[in-house]
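Have a look at the structure below, then follow along with some questions about how its features get their labels.

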Amino acid sequence: MNTKTTLRTLALSSLFLAPVPALARSVDGEFAPGTEGIESLEVVTTLPVLADIAKDVGGEFIHVAALSTPNQDPHYVQPTPVLMQKARGADVFIECGLQLELWGEKVAAGSGNPKIQVGQPGRVIASTGVETLELPTILIREWGDVHPYGNPHVWLDPLNAKILAKNIAEAFSKLDAPHADAYRANLAEFEHRIDVALFGADLVDEIGGRKLARLSKGGRLEEYLEHRGLSEMLGGWLAKAAPLRGRPIVTYHKTFIYLATRFGFEIPIEIEEKPGIPPSAKQRDRVLKLIRDQGVHTILQAVYHDRTAGTYLAKETGAHLLSEPIDVGEDVGIPDYFALMDNLVSKLVESESTHN
Amino acid sequence: MHSHAASGLAFTLAILATAPSAHGQASDSETDSTAPPTVQELLQRIERLERARDADREDFEFELEGLEDDLSRLESKAGVQTQRSNVFNPGITVFGNFLARADDQSVHLDDDPTAPRIDDQFNLREFEVDYRASIDPWTDGVLIATYESETPGEANATIEEGYVIVKKLPVLDSAPAGLKLKMGRFRPNFGRFNQIHTHDLPQPTYPRALGTFLGPEGYIRDGVEGKFFLPSPSESQTIEATVGLFDGGELPIAPGESASNLSVLGHVKWFKDLGKGRDVELGVSGLQNDSDHRVVGLDGTYKWKPFEGGEWKSFLVGGEFFQADLSEAGLDSSPMGYYLWSQYQFDKNLYFGVRYYHAEDLTDASMSTDTYGAYLTFYTTEFFRLRFGMEHSTSDIDEIDGRNTALLETNFIFGSHPVEPYWVNR
């Protein structure tokens, strides 16, 4: 090696590298909170709905920001440098998981923040413990965009929202032990609000949210209430959604399986031929025939999906096309999780009851 | 589960305890009224107790069945909750890239008349296996083995990239300024297209301008590189810097240089989120092989990808400029080159793009080549792509001047495709 050249090169490199520690101090001083004596946890979430739940659970002890917006397809968010920078100062990175936000890994890795890498306490997979639906029995690409761990749109079942909140509360409690009691109390309040919103206050007082949740998950709530002569006491979203039970509703993508399971409507077919693959003309005709044969009143899709096929089918069959947000935020006029579920249930019931 | 059973039992005991008490109260009241209970009253009491007992039994039955359901669910879910694992195997992706070309004149490899002809041929030009995994809490590893072919039937097996990224050190809780240290063999952070592999290119081939200065497949070298954030003026902007040291030589701008003369690389990138799915990025790069062989680059990209329906429509426009500063006999002192390109997405699977590039010859800057091209890309899914392109070149080099080329590219991927650079749509 030419010694002179090498020395010159190293000297030049050191000029580049010298500012790094200084920059680190100034950057960290400005953006990154310390972990000792935490005043508030810095939290980033992949989805706004997770930010909303985290806010309910964390209350005044956290500061939270979502990396995506509610009108973006959560599968395909661009992991830009701005998102990486947002994640750089975070103590907690919350994702739904189940391979929904593959871009999240790129953001976490690009942030250079060791606290939020996979396996660290600051990396929270909120869907842990959720009983996933549509677990594929065979994993092949021939089936389209398959999620190997099951359908990831879990938050559209309010009972799953309680699990997401529980996982978030546990993470906050570990990372910020002095406020663990507050997080647990906030979690209990959130769970109670979900129970009341889902079953109605009277029934929750009479039976208890835990038991109602178990009965509902087991598909035995209606039967139980009939046995006990308490059917009239059912309130909340479930009472409101009564007209949906057993109704066939066509969806664009496999987005609404958890919503359908909780509120009892059927999804006989998706407009997409296979997950992530736009419908061919043949598939569109297949859906058209099914809508007519089964008397489908409603076509439901997430706000970020293309409306071309849905509009065509609605026009041909007279079904209502509902293009609704599945996440929360000002951009879509949905302030929080409760408003999100209110909106979905109300729009579906309205569509089903006003069909000619 | 135990608490449910216990509360149920407590509830039953409470009912049973209440029943005699109620009976006792009734007896007291009846005693007060000095009248013994009638048969009718006793029958009613019995009926009330039976109803309470039946309701309680139903409660227990539901409890038991619920527990049974819970148990079966837990049993069926055993082992399902692991959402990530690369303990036993890394994430593996296989890429295949096939190119067919038709030309209206003979074309030689690297436009060297003594090299083999490549016109009017099919060629599996790349077959790549990508392995990646976390190595331990501090490092991630990537290994990309490539079988690449410039002429049909002749191929080289190489390690295109093999590196570790050090995310933090055992002695530090967190890396300063988000520093990520990359060590091994990889594509150094120079400009735009040099960062991406052939199969991720939004065009059928690398632009000639890039190939002229950095090599036909881009600049790939062994070395070490650090990437970190600089303070940014606002939340919607970032400034990232990269510095690197690499083995020297083996570059078109420094053909005869030794690998032992370390090259120095610097790159600064400014990114701004303009809102509503629009962003702009500008970069400046510099690479010094030694004081006699340097190249600088400028790059810019604007992207629009709306939030709603962003998978169906998008627009990209960008360009990159190269200027070399050379002091070597046989090379021109300051050759330059650049390319401009744009791409519009018509629907989920269909893209149309155009590009133009200008490249001066390194040995004689007065000799340049200009190429105009258009291409249409169709994806069945992100795992399979067809691309058709047409190009026309004018050049001061006779072998290239007036050349018309049609290109048909097929790209296929199996395995867990890693996410592409954020500005590449597919």
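Q: In this predicted model, what makes residues count as contacts of Ile53(A), leaving aside its neighbours within four places in sequence?
A: Two residues are in contact if their C-beta atoms lie within 7 Å. In this predicted model, Ala161(A), Leu164(A), Ala165(A), Ile168(A) and Tyr337(A) pass that test with Ile53(A).

Q: What makes the largest nonpolar core a core, and which residues have the most contacts inside it?
A: A nonpolar core needs buried residues of nonpolar kinds, such as Leu, Ile, Ala and Val, joined through C-beta atoms within 7 Å. Here that set has 102 residues, and those with the most contacts inside it are Leu50(A), Ile53(A), Ala54(A), Val57(A) and Ile168(A). Helix 6 (residues 158–175) of chain A gives the largest share, nine residues.

Q: How do you know where this core lies relative to domain 1 (40–176) and domain 2 (242–353) of chain A?
A: Both domains give residues to the core, so it lies between them. There's also a second, separate core of 29 residues, with Leu262(B), Leu265(B), Tyr339(B) and Leu362(B) among them.

Q: What do we know about how domain 1 and domain 2 of chain A meet?
A: The contact takes 25 residues from domain 1 of chain A and 26 residues from domain 2 of chain A. On the domain 1 side, helix 3 (48–58) and helix 6 of chain A each supply at least two residues. That side divides into 13 nonpolar, seven polar and five charged residues. As for spacing, the C-alpha centres of the two domains are 25 Å apart.

Q: How do helix 4 (residues 81–88) and helix 5 (residues 102–111) of chain A pack, and at what angle?
A: Their axes are 8 Å apart, at an angle of about 65°. The crossing is right-handed. Helix 4 of chain A brings Leu83(A), Met84(A), Ala87(A) and Arg88(A) to the contact, while helix 5 of chain A brings Val107(A), Ala108(A), Gly110(A) and Ser111(A).

Q: Why is Asp111(B) called partly exposed?
A: The label goes to residues in between the two cut-offs: 20 or more C-beta neighbours is buried, and 12 or fewer is exposed. Asp111(B) has 16 other C-beta atoms within 10 Å, so it is partly exposed. Asp111(B) is found in the loop between strand 1 (91–103) and strand 2 (121–136) of chain B.

Q: Why does Asp120(B) count as partly exposed?
A: With 14 C-beta neighbours inside 10 Å, Asp120(B) also falls in between those cut-offs, so it is partly exposed. Asp120(B) is in the loop between strand 1 and strand 2 of chain B.

Conventions: Residues are numbered from 1 along each chain as its sequence is written. Chains are lettered from A and ligands numbered from 1 in the order in which they are written. This is a predicted model: local features need pLDDT of at least 70, side-chain atom pairs count only at pLDDT 80 or more; totals for chains, interfaces and linings use all residues. Helices (H or I, at least four residues) and strands (E, at least two) are DSSP runs, numbered from the N terminus. Domain bounds come from an automatic or database domain assignment. Axes are lines fitted to C-alpha atoms, for helices over the stretch in contact, and angles run from 0 to 180 degrees between N-to-C directions. A crossing is left-handed if the near helix is turned anticlockwise from the far one by less than a right angle, and right-handed if clockwise. Ala, Val, Leu, Ile, Met, Phe, Trp, Tyr, Cys and Pro count as nonpolar, Asp, Glu, Lys and Arg as charged, and the others, Gly among them, as polar.
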